[in-house]
Amino acid sequence: VEMTTNFEEKAINRMLKAGISLQHIQLQKRNFFQDTEIENYYDKVENSENLSKNIPVQKIVAIKSNWTIEGTSVYDFFMGIATEGRESEKIEENLRSLEEHGLESQQAFYSGQVNLEGTDRIKFNHYQEDDCYILQNDGIHRVVSAKMFNAPIMSGIVTTYKLNEEKKKLYDEYNSLKDILRLTDIKGFTLDLFQEKKNPKKKNE
């Protein structure tokens, strides 16, 4: 039997009442935030910053933050399981707003002017070739709530990043080398292999 906290049970009932399906709520337990490693092999496109009201919520895959959010599910963050309830006040604000204004209006709020202005504005990086977005620092609760409430789109200030093929190649090589080093204790052997790869011997030596 899955244990649910008191807050969880109430929150689920409040969302159901507002018209969010139980299926959607349950799915968020398997909707995990990814890591931000994509940053290692993308370059910023200069002067690409623009205001957008059309960021597909499903394509917001990660959050750049001082907290470790990678591997946390939308559900666990929303319900305070991942944060030991520290964030419940801000989540509660979103829930209250959902009850007061109704689902459609609350969903529309996430793609509104609020994310574009003043101290509440939020920023996303868009990684072009992978077509995904990473939230930069502020706005975590809005992103989590938008996902939880099944909002289709969000607004924000978007900076475009372009894939750097060369960096990607180096990054992949670095990762496979890391795996090899993890798999073997004969470190010397793998390093020889790496040297060989960098300076391949000529065939006729």
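User: How much of this chain is buried, and what counts as buried?

Analyst: Buried is under 20% relative accessible area, exposed is over 50%, and partly exposed lies in between, with a 1.4 Å probe and protein chains only. Here, 40% of the 205 residues in the chain are buried. Keep in mind that this is a predicted model: local features need pLDDT of at least 70 and side-chain atom pairs pLDDT 80 or more, while totals for chains, interfaces and linings use all residues. Residues are numbered from 1 along each chain as its sequence is written, and side-chain values use heavy atoms, leaving out hydrogens and water.

User: How do I read the packing of H1 and H4?

Analyst: Two packed helices are described by the angle between their axes and the distance between those axes. Axes are lines fitted to C-alpha atoms, over the stretch in contact for helices, and angles run from 0 to 180 degrees between N-to-C directions. H1 (residues 6-18) and H4 (residues 88-101) pack at about 30 degrees, axes 10 Å apart. So H1 is roughly parallel to H4, a label for angles under 35 degrees.

User: Which residues of H1 make the contact?

Analyst: Contact means heavy atoms within 4.5 Å. On H1 they're Phe7, Ala11, Arg14, Met15 and Ala18, and they meet H4 residues including Ile91, Leu95 and Leu98.

Key
Helix = DSSP H or I, 4+ residues; strand = E, 2+ residues; numbered from the N terminus. Parallel < 35°, antiparallel > 145°, perpendicular 65-115°, else oblique.
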